[in-house]
There are 2 protein chains.
Amino acid sequence: MIYERVALIGLGLIAGSIALAAKRRGLAEEIVGTARTAQTRETALRIGLVDQVFATPAEAVAGVDLVILCVPVGAMADVAAEIGPHLKPGCVVSDVGSVKQAVIDAVAPHLPAGTVFVPAHPLAGTEHSGPESGFATLFDNRFCILTPPEDTAPQDVARYRGFWEGMGARVEEMDAEHHDRVLAVTSHVPHLIAYTMVGVADDLRRVTNSEVIKFSAAGFRDFTRIAASDPTMWRDVFLNNEAATLEILGRFTEELFTLQRAIRKGDGDLLFDHFTRTRAIRRGILDAGQDTDAPDFGRKRND
Amino acid sequence: MIYERVALIGLGLIAGSIALAAKRRGLAEEIVGTARTAQTRETALRIGLVDQVFATPAEAVAGVDLVILCVPVGAMADVAAEIGPHLKPGCVVSDVGSVKQAVIDAVAPHLPAGTVFVPAHPLAGTEHSGPESGFATLFDNRFCILTPPEDTAPQDVARYRGFWEGMGARVEEMDAEHHDRVLAVTSHVPHLIAYTMVGVADDLRRVTNSEVIKFSAAGFRDFTRIAASDPTMWRDVFLNNEAATLEILGRFTEELFTLQRAIRKGDGDLLFDHFTRTRAIRRGILDAGQDTDAPDFGRKRND
Ligand SMILES: NC(=O)c1ccc[n+]([C@@H]2O[C@H](COP(=O)([O-])OP(=O)(O)OC[C@H]3O[C@@H](n4cnc5c(N)ncnc54)[C@H](OP(=O)(O)O)[C@@H]3O)[C@@H](O)[C@H]2O)c1
Ligand SMILES: NC(=O)c1ccc[n+]([C@@H]2O[C@H](COP(=O)([O-])OP(=O)(O)OC[C@H]3O[C@@H](n4cnc5c(N)ncnc54)[C@H](OP(=O)(O)O)[C@@H]3O)[C@@H](O)[C@H]2O)c1
């Protein structure tokens, strides 16, 4: 047991998975929670995610050692303002937001002296959301990035790190601004591009939607999975990681125009060299154990 | 048995899978083949893909009922010119090229009167290539698009359709130009975009490659899988489907700029509406049985 009593604010995919993963390994004596709607609170209680639910964040955090904010990034400020006055001294506050600097700016001002803030971002998710989508192994072997302010006591960080490691995650630390830039590359811009491409396909007159759907296995399918992620979450990510997203998008557009021009001019060598270079990255990902080398794009051979 | 003797020109992923799938179901009495290098020919013979190999396409097609060109799109014209004089009357010639109009333009002029041309494109592939990457179930439940010229005898098309259905594929027919536009949307532009994004990641100074690789599970990983596809094949696809690729790319850039502007202006409603619309397409793909609804992006829950 690492924490006595833990409160989860928001009871969706990530909170649900935290609850199940923490229970599986006995990391908390008691887990309580709250969500915006009564329906989510009732579901979370009924399926046994949490031991107790409360109608408001203020009530949920009373007497707890650890609070994790598991709401969309844009909702963090309001929640922090509401819980601030009710936190007990020594309480650790964390979050799971996909953007870190904006969340720190939104949350830190509301936390009273004597509490400890350790922002976190588990790099694990699915295209589903809501309390019933959580599962205990979501974080297994996935990275969780902590971005603690410089003055955080090392033992507080170490304890919270232990909590995530207990849930199966591989924990890394970096500063918030760097986190936001790394994630812009590995997650935010890829999502925006996938959303864009799926929107284009939906919009064409000469190719029907049913053709797009039927023939999606040729590459497009992977984009649709990414572009089916929760609209609220992703709206908030882009609004709150604007600078890094726009910077990487600028680079993307530049590179895309170079390839586009090569196609127009029939410059096969440029295309070939570019496509050869990008293969090496894939090899690195396989070597790092972040994917499998299955010859079938993840589908089972007999689907 | 649908054909007596079949020749495969090129012995890579697609040809290897055709050989294994056709043998599994007894669709051909004998399968022979050829490839550019002696090494590929020897491997194909050693692992039993084909019954016999020949040093040249001209020798391989002697006396066969069906020839399938399984070489990169850019190599089709030369191969067709070489085999033309050696085809027996009534022989069916097909190909598996990812682009159809350009292949028709390249191949048709070389085929003698009395032979039958039924171009085809199986929508199935992996990021691997070469004779050892083929597997018998690659085409199971995947689409194969035929684009026969209008004057092709219906019974010749029906027979070749039966060959693909026998290998497990769902066969569709459409005209070549429409094929190229549909595939630009569902495959060619998604590949170009993935290649672009992976190139950008490889090029950054402030985010290291090892960070990109480590944290790829957050969305980027799916792009790397697409961008690891064979450079020769994809160079040829873009050079040979220039018009449709550039048209769809134009639409993509327009839509990307709209979303980019919304991020810059903080227009959350526009982002939210767009992201909500793209979800519906995903639902259609699941309903069409072209992917699974696994909550874990295809990775096994316990990887
Ligand atoms: N999904 C991912 O892939 C992923 C990965 C890593 C990190 N994250 C981050 O994790 C956080 C939660 O994501 P999730 O996927 O778990 O979302 P989710 O399944 O949609 O759950 C969100 C929860 O937050 C509650 N909520 C929403 N708006 C609220 C508000 N304004 N005030 C109070 N509560 C509110 C919801 O309550 P109701 O159900 O009652 O509406 C729900 O319980 C986000 O910050 C996201 O950036 C997500
Ligand atoms: N991979 C996919 O996802 C996919 C899907 C649908 C359709 N296709 C199409 O299928 C075709 C073959 O792709 P693949 O994935 O099977 O490729 P692959 O595994 O790389 O095999 C290509 C074969 O073609 C031979 N070859 C290459 N260049 C040649 C040339 N100039 N002259 C004669 N032979 C040559 C190669 O011989 P060596 O080994 O001796 O060099 C090899 O046997 C392409 O037209 C592609 O567009 C591919």
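## Around ligand 1

A residue is near a molecule if one of its heavy atoms lies within 4 Å of it. By that rule, 26 residues surround ligand 1. The closest are A:Arg36, A:Thr37, A:Thr40, A:Val71 and A:Ser98. The shell divides into 14 nonpolar residues, eleven polar and one charged. Here Ala, Val, Leu, Ile, Met, Phe, Trp, Tyr, Cys and Pro count as nonpolar, Asp, Glu, Lys and Arg as charged, and the others, Gly among them, as polar.

Backbone atoms also approach the ligand. A backbone N or O atom of A:Leu11 lies 2.7 Å from an oxygen atom of ligand 1. For A:Ile14 the distance is 2.9 Å. A polar backbone atom of A:Gly130 is 2.8 Å from a ligand oxygen. The protein covers 84% of the 910 Å² of accessible area (Shrake-Rupley method, 1.4 Å probe) that ligand 1 has on its own.

## Between the chains

The contact (heavy atoms within 4.5 Å) takes 111 residues from chain B and 111 residues from chain A. Across the interface there are 14 salt bridges (side-chain nitrogen of Lys or Arg within 4 Å of a carboxyl oxygen of Asp or Glu). One of them joins A:Arg206 and B:Glu247, at 3.4 Å from N to O.

## About the model

This is a predicted model: local features need pLDDT of at least 70, side-chain atom pairs count only at pLDDT 80 or more, and totals for chains, interfaces and linings use all residues. Residues are numbered from 1 along each chain as its sequence is written, chains are lettered from A and ligands numbered from 1 in the order written, and side-chain values use heavy atoms, without hydrogens and water.

Methods. Polar contact = N/O pair within 3.5 Å; in protein donor to acceptor, adjacent residues only side chain to side chain.
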